[in-house]
Amino acid sequence: MDWSSDGIGFALLGIGTCLTLWFRKRRFDRTNAFGVQRFSNFWSMIAARTKDLVLEGSSILLLCSGVIMLAFNHLDSWGWIVALPVLGFTLFVLIGL
């Protein structure tokens with residue numbers, strides 16, 4: 001078992017979780033009592049939603065990378081549960097179905 005890759009995997013999971021919480025807090029801070037997001041003008045809405053999209057995409061990428069790294073490091077115990085669908089999807093993409 002390689003502890004350095006476990007550390008990197010947990011670090012990716014931690015950073016991805018922090019980005020997710022930051023993205024959701026930004027969205028929560030913009031909502032009013034009725035749950036509607038409020039912006040000062042159109043361009044601030046575009047800028048805020050673009051930043052939220054980048055944060056959300058980065059967090060999903062980091063979370064998936066961390067889970068896959070941990071799964072491939074622990075294939076003999078629990079990792080096959082995660083690695084099997086990932087490998088099946090990769091085979092599906094390579095065959096081109």
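How many residues does α1 have, and how far does α1 reach from its first C-alpha to its last? α1 has 28 residues and reaches 41 Å, close to the 40 Å expected at 1.5 Å a residue. That expected span is 1.5 Å times one less than the number of residues in the helix.

Before going on, some ground rules. This is a predicted model, where local features need pLDDT of at least 70, side-chain atom pairs count only at pLDDT 80 or more, and totals for chains, interfaces and linings use all residues. Residues are numbered from 1 along each chain as its sequence is written, and side-chain values use heavy atoms, with hydrogens and water left out.

Now the overall picture. The protein has three helices and zero strands. Helices here are DSSP runs of H or I with at least four residues, strands are runs of E with at least two, and both are numbered from the N terminus. Along the sequence the pattern reads α-α-α. The radius of gyration is 18 Å, well over the 13 Å that the globule rule gives for 97 residues, so the protein is more spread out than a compact globule. That radius is taken over C-alpha atoms, and the rule is 2.2 Å times the number of residues to the power 0.38. Along its principal axes, the C-alpha trace spans about 55 × 35 × 20 Å.

What about burial? Buried residues make up 21% of the 97. Buried means under 20% relative accessible area, exposed means over 50%, and partly exposed lies in between, with a 1.4 Å probe and protein chains only. Contacts come next: heavy atoms within 4.5 Å. Of the contacts with a separation of 6 or more, 62% are between residues 24 or more positions apart.

Back to α1. Its buried residues include G9, L12, G16, L19 and F23. R26 and R30 are on that buried list too. The cover over the buried residues of α1 includes α2.

Next, α2, residues 42-73. This helix has 32 residues and reaches 46 Å, close to the 46 Å expected. Buried in α2 are A48, D52, L55, S59, G66, L70 and A71. The buried residues of α2 pack against α1 (3-30) and α3 (75-95).

Which side chain does R26 join by a polar contact? The partner is D52, at 2.8 Å. A polar contact is a pair of N or O atoms within 3.5 Å; within protein, one must be able to donate a hydrogen and the other to accept it, and residues adjacent in sequence count only if both atoms are side-chain atoms. R26 sits in α1. Leaving aside neighbours within four places in sequence, R26 is in contact with A48, K51, D52 and L55.

Look at the start of α2. A side-chain oxygen of N41 reaches to within 3.3 Å of the backbone nitrogen of W43. The structure also holds one aromatic pair. The rings of F42 and W43 have centres 5.2 Å apart and planes at 75°, so the pair is edge-to-face. Rings of Phe, Tyr and Trp (its six-membered ring) pair if their centres lie within 6.5 Å; planes under 30 degrees apart are stacked, over 60 edge-to-face, the rest tilted. F42 is partly exposed at 48% relative accessibility, and W43 is exposed at 65%.

Last stop, α3. S77 is found there. S77 is partly exposed, with a relative accessible area of 43%. S77 and T17 are 60 residues apart along the chain, and their C-alpha atoms are separated by 24 Å.
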